[in-house]
Amino acid sequence: MTEEVLQPKPVTFPRLNEPAPEFEAVTTHGVVRLSDYRDSWLILFSHPADFTPVCTTEFIAFAQIYPELQARGVELLGLSIDSLYSHIAWTLNIEQKTGVKIPFPIIADLNKEVASLYGMVQPGASKTEAVRAVFIIDPKGILRLMLYYPMTIGRNMQEILRIIDAMQTSDKYGVAMPANWKPGDKVIVPPPKTIEMVEERLKEGYECVDWYLCKKSLE
């Protein structure tokens, strides 16, 4: 009788522009569901472990930009494969040692349920910890962005703010953003789809490199 070889379970990943996977989870602020954040933007992010140096600097940085995110209608929700009591002790430790209070909830995901739904556990990086992932979910519950960082590299908060500004501006005005765009810069006008639209485009007074690449100011 041959011994059955167990194959590792495939890592699942959510997909852009589809509904973000629904969940219910215990956090440092009580039980939360993804649906609780409907009608607001949400940044769901994972970190490898509590009481680790890079993660600590990130949580301080996330707390510092939280008022700016709230001003944009954005909420924060953290996650790691740690216990609720570890999360509580860590956030208290951060406040005691640095004076920074962590104002947003953190999911305690010891059973890896939410981490598995979002592809946060990647064996090539770690078999027991969640990678540094960022998921931006819009007010309709649609997953709009995914970012993954190496375990040794902390996230850039100004880039996260820039992404939110870019997405919200794109949605509001129906435009696209060039490389390195920041608020106040010119935006890209959607390319024309017919010859007639090309001819009209060239009469609009946009800043054009050619018919397919034109920019305009929103101000």
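Q: What does the secondary structure of the chain come to?
A: In this predicted model, the chain has five helices and ten strands. Along its principal axes the C-alpha trace spans about 70 × 60 × 30 Å.

Q: How much of the chain counts as buried?
A: Of its 219 residues, 42% count as buried. The accessible surface comes to about 12,400 Å², and carbon and sulfur atoms account for 55% of that area.

Q: And what share of the contacts comes from residues 24 or more positions apart?
A: Taking the contacts in the chain with a separation of 6 or more, 67% are between residues 24 or more positions apart.

Q: Switching to charges, how many positive and negative side chains are there?
A: There are 22 positive and 28 negative side chains, and the centres of these two sets lie 3 Å apart.

Q: How many salt bridges does the count come to?
A: The count comes to eleven salt bridges. One of them joins the side chains of Glu 58 and Arg 132, with an N to O distance of 2.7 Å. That pair links distant parts of the chain, since Glu 58 belongs to helix 1 (residues 53-71) and Arg 132 to strand 6 (residues 132-137), 74 residues apart.

Q: Are Glu 58 and Arg 132 buried or exposed?
A: Both Glu 58 and Arg 132 are buried.

Q: What about Arg 144, which residue does its side chain meet in a salt bridge?
A: Arg 144 pairs with Asp 138, at 3.2 Å from N to O. Asp 138 counts as buried because its relative accessible area is 8%, under the 20% cut-off, whereas Arg 144, at 21%, counts as partly exposed. Elsewhere, salt bridges that share partners join Glu 58, Arg 132 and Arg 155 into one network.

Q: Which residue forms a salt bridge with Lys 101?
A: Lys 101 forms a salt bridge with Glu 95, and the closest N and O atoms of the pair are 4.0 Å apart. Lys 101 is exposed, with 56% relative accessibility, while Glu 95 is partly exposed at 33%.

Q: On the nonpolar side, which residues form a patch on the surface?
A: Tyr 85, Ile 88 and Leu 92 form a nonpolar patch there, and together they have about 320 Å² of accessible area. Of these residues, Leu 92 is placed in helix 2 (residues 84-98), and its relative accessible area of 42% makes it partly exposed.

Q: Where is Met 120?
A: Met 120 sits in the loop between helix 3 (113-117) and strand 6, and although it is in a loop, it is buried, with a relative accessible area of 0%. Phe 13 lies 8.2 Å from Met 120, C-alpha to C-alpha, while the two are 107 residues apart in sequence.

Q: Last topic, backbone angles: what is phi of Asp 39?
A: Phi of Asp 39 is near 80°, which is a positive value in a residue other than glycine. Most residues other than glycine have a negative phi. Asp 39 lies in the loop between strand 2 (30-33) and strand 3 (41-46), and at 70% relative accessibility it counts as exposed.

Q: And what is the phi of Lys 112, and where is that residue found?
A: Lys 112, also not a glycine, has a positive phi of about 60°. Lys 112 is found in the loop between strand 5 (106-108) and helix 3, and with 26% relative accessibility it counts as partly exposed.

Note on methods. Residues are numbered from 1 along each chain as its sequence is written. Side-chain values use heavy atoms; hydrogens and water are left out. Helices (H or I, at least four residues) and strands (E, at least two) are DSSP runs, numbered from the N terminus. Buried means under 20% relative accessible area, exposed over 50%, partly exposed in between (1.4 Å probe, protein chains only). Contact means heavy atoms within 4.5 Å. Accessible areas come from the Shrake-Rupley method with a 1.4 Å probe; for residues, only the protein chains shown count as cover. Lys and Arg count as positive and Asp and Glu as negative; His and the chain ends are not counted. The place of a charge is taken as NZ of Lys, CZ of Arg, CG of Asp or CD of Glu. Patches are made of residues with over 30% relative accessible area and no salt bridge: like charges are joined within 9 Å, nonpolar side chains (Val, Leu, Ile, Met, Phe, Trp, Tyr) within 5 Å.
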